[in-house]
Amino acid sequence: MLLALGMFAIGADGFVIAGILPDLATGLQVPLSQAGLLVSAFAFTYAISAPILGAVLGGKSLRTILVASMGVFAAANLAAALSEHYAWLLLWRLVAAMSAAAYSPAAVAAAINLLPPEKRGQASSFVLGGLTVALVTAVPLGAMLASASSWRMTFVLIAALAATATATLWWVMPASFQSRNLSLKERLSPLRNSDVIWALVSCFVWMAGGIATYTFIVPISLSATGWSPDKAGFVLLIYGAAAIAGNLIGGRLSDFLKTPVRALQYFLCTHLASLLLMGLAVFSGPPWGAWLFPVAVAVFAASGWACTPPQASRLVSLSPPHAVQVIALNTMATYLGMAVGAAAGGLLSTNGPLLFIPLAGAAAQCIALWMVAARGEQRS
């Protein structure tokens, strides 16, 4: 539970910018596109730091890694809340991302060490589930908090959660568990397999397309529905609930079909359709957009998160001896996709109407679909 609390705080920090983007941009007097770069900075730093920090911290006490990284994460978010200038906020986002990259794999390793072998899979899922739960609760709550008071209070809330996790982990976590000692070369060894690289690049592409839209989902929703900004939390709540449902559906359908690539194709097709529907909602505007957009968001979230389980199964089947490494590399590809997608969404929002963002996301899903179909079915 304590390990999941830390992941909950990390998930809130990673996704919350989408919910407070307009308030943050106004408060710091920067364009929406520049505010969106905070998502790119966090995601890119996380992606690059994770394998490097994993290699550097290999063999160290898990308790030390967890307490130190979550403590730094709490301090970085408190400093972000106090930042008066965009440059300082960006700096503290980078620090938070590096500490999150150190915490996440250590939390999964600690959960595995704490429980017997027959419950280790459940433990890992529970810890990582903190990310998904953050989508449903912390992100909408952060948006409502920002609307009621200030975007700064959102970071204060995250800092408080992280500080609570830090104190309790220091108190209850055994000092005897050690992290796995894998070199950077060993962590990257699955990249010698071209099929693994292809699968990772396809994940990067569909994540970039999806996150471009998610990062700017609040201004897009206001354009489509004509709602007031205080209803942004409702859109994010729909997204979070649908994301949890999609994650569950993705795992079950992947197991039922026994071919993760086939499941991926279904979900990516649905993801593509949801982005086109979202574009139609923006094009139509109110009143039709107010009906179409919530439906599009629900399908968008469910289909996007449904891709996670079959993608994991696909990668493990491509390189069974390196299951741990390929899942870590997939996380790296995911965060790199988030970084590029948020930056691309910012460029599109600056140089054209918001309608271009979901349409660009749909184009990315088309490319990902081709990649999965062209070099996936025969390999699964």
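1. A helix here is a DSSP run of at least four residues, and helices are numbered from the N terminus. With that in hand, keep in mind that you're looking at a predicted model.

2. Phe44, Ile48, Ile52, Val56 and Leu184 make a nonpolar patch of about 420 Å². Helix 2, which covers residues 32-56, gives the most to this patch, with four residues.

3. Take Ile48 as an example from that patch. Ile48 sits in helix 2, and its relative accessibility is 33%. Since buried means under 20% and exposed means over 50%, Ile48 counts as partly exposed.

4. Now for the charged pairs. How many salt bridges does the count come to? The answer is two.

5. One of them joins the side chains of Arg93 and Asp13, at 2.7 Å from N to O. This pair links distant parts of the chain: Asp13 belongs to helix 1 (residues 2-28) and Arg93 to helix 4 (residues 86-114), with the two 80 residues apart.

6. Arg152 lies in helix 7 (residues 151-172), while Glu84 is in the loop between helix 3 (62-82) and helix 4, so the bridge ties together parts that are 68 residues apart in sequence.

Conventions:
Residues numbered from 1 in each chain as written. Predicted model: local features only at pLDDT ≥ 70, side-chain atom pairs only at ≥ 80, totals over all residues. Heavy atoms only, no water. Patch = residues over 30% accessible without salt bridge, like charges linked within 9 Å, V, L, I, M, F, W, Y side chains within 5 Å. Areas by Shrake-Rupley, 256 points an atom, 1.4 Å probe, with all protein chains shown as cover. Salt bridge = Lys/Arg side-chain N within 4 Å of Asp/Glu carboxyl O. Buried < 20%, exposed > 50% of the residue type's maximum accessible area, 1.4 Å probe, protein only.
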